[in-house]
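Dear colleague,

I am handing over the structure that follows, and below it you will find my notes on what was found. Please keep the model open while you read, and look up each place as it is named.

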Amino acid sequence: MMNNKPIYLDYMATTPVDPRVVDVMMRYLSTDGEFGNPASVTHAYGWNASTAVEKARAQVAALVHAEPKEIIWTSGATESDNLAIIGAARFYHRKGRHIITCKTEHKAVLDACKYLEGQGFEVTYLTPQSNGLIDLTDLEKAIRPDTILVSLMHVNNEIGVIQDIKAMGEITRRHGIVFHVDAAQSAGKIPIDLQELQVDLMSFSAHKLYGPKGMGALYVRRKPRVRLEPLIHGGGHETGLRSGTLATHQIVGMGEAFAIANQQFESDKKHIQQCRDKLWQGLCDIPGITINGDVNTRYQGNLNLTIEGIEGDSLILAFQKLALSTASACTSASIEPSYVLRALGISQHLAHSTIRLSVGRFTTLEEIDLAVAIMQKEIKRLRAIAP
Amino acid sequence: MKYSSLVIEHFNQPRNIGVLDASQSNVVVARRGQPDEGNVLHLYIEFDEQGFAQSSRIKVYGDPYVIAAASLATELIQNKTIDELQAVSYDYFVEQLDIPKTKWHSALLVEDAIKEACHAFKSLEVSYE
């Protein structure tokens, strides 16, 4: 993206759709392609669309070593999280009404849990350690006889830390508790093997992995079988778990994106690591810059940095030639620092001076050099004018 | 946040950055704000024998509005009398820089610093008498 647009360093917000994915999607839209409704069983238009949908289901399943019939199409990870959490809570409510999650989860999980609190469920919000990782003894201690669900994310969307979902799954399985993992930020980026992991429900997003926005999936384990109450009714699609006409072009896009990520997993990983490391090498000698989240147990494409001595809004304006995320959310009246950073014990003041940089498949080393030069220059300039 | 071109201009090239020798009898300094509140301004003003502001310098930490307002203030201060400086209000910066209501505290900080500097200069005058 070496034009007059800012250098894109926000791959954890979203990714561009891979051109190979676009090519496949275009074949399922118009009269010259397979535009049929996959639920039409009476003609070739429907059969061909259905075949494409099932191929995509197998492609998504293959990336995470699941069975194709364990993949349910949704509109994105937010819907997947809602279906997993609310769906499991409603199905298992007679067994208990206690849920465990973490303060640093994505809002899709936290807000679904908050909704359930209003419906008579109790939720325990674990506090992570200062490096962002959850202490497994804290998880074990939080489990009660009436705990029915644990929902914890794989890779954190802000600080990039990787939770030990293998060990967590062993704990939840031992206690007979359903375990949901939001893997929106990890699928295709770090290995996931659902044959080995004792995870019951897993959320995926297409647009975080060079697929289209508005498309996601939920893994629902069949052995041992996990049951959910559907949230959407009307036609009984997706084995009754998610009604609604399937968006064939979106689905084939997600399938192709996951297949590409599977094929070039190692080369993507190597390239992204190289870009992130080069970025950090260029910044690490500047005094007063710290990485938030565990330095080693983190996704290779993420840097979450607190830059002391520069106010947050000034950081963003100074870095206008870079597309990155701040750790603050602007509301109409005030700027709220990131709840994730606050949960790690970082002060409101420092949380406001924090940025998230995330690189991806299409980041170039030349862009990294430019970004480093801009950041070095602006940090030096703004610190020089401060008292 | 979308900023006006004047804010961006002053933010990218703030005027009169630096310090003046506050041990001199005709130099005053006002220090306002706290880092953990997001804004800090040190404003130095040098007055001539007739009581006109001769020059000013700033050191500033904060959001783009406080940097721009402080920079703009150093241009405004030039050749003003103490009475004229005391009349400077945050409205001026709000209007010039198109500062949204949620950020008016940035303009107020600059007004407060100018008033504190005026107060310090008046104290100097009293001590001379």
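This is a predicted model: local features need pLDDT of at least 70, side-chain atom pairs count only at pLDDT 80 or more; totals for chains, interfaces and linings use all residues.

Residues are numbered from 1 along each chain as its sequence is written, chains are lettered from A and ligands numbered from 1 in the order in which they are written, and side-chain values use heavy atoms, with hydrogens and water left out.

Helix H8 covers residues 265-283 of chain A and helix H12 covers residues 365-385 of chain A, and their axes come within 9 Å and cross at roughly 25°. Here helices (H or I, at least four residues) and strands (E, at least two) are DSSP runs numbered from the N terminus, and axes are lines fitted to C-alpha atoms, for helices over the stretch in contact, with angles running from 0 to 180 degrees between N-to-C directions. H8(A) and H12(A) are therefore roughly parallel to each other, a label for angles under 35 degrees, with over 145 counting as roughly antiparallel, 65 to 115 as roughly perpendicular and the rest as oblique.

A:Val178 is buried at a relative accessible area of 9%, where buried means under 20%, exposed over 50% and partly exposed in between (1.4 Å probe, protein chains only). A:His180 is also buried, at 0% relative accessibility, and its side chain makes a polar contact with the side chain of A:Asp81 at 3.4 Å. Such a contact is a pair of N or O atoms within 3.5 Å; within protein, one must be able to donate a hydrogen and the other to accept it, and residues adjacent in sequence count only if both atoms are side-chain atoms.

Finally, A:Gln185 lies in the loop between E6 and strand E7 (201-205) of chain A and counts as buried at 4% relative accessibility. A polar atom of the A:Gln185 side chain lies 2.9 Å from the backbone oxygen of A:Met12.
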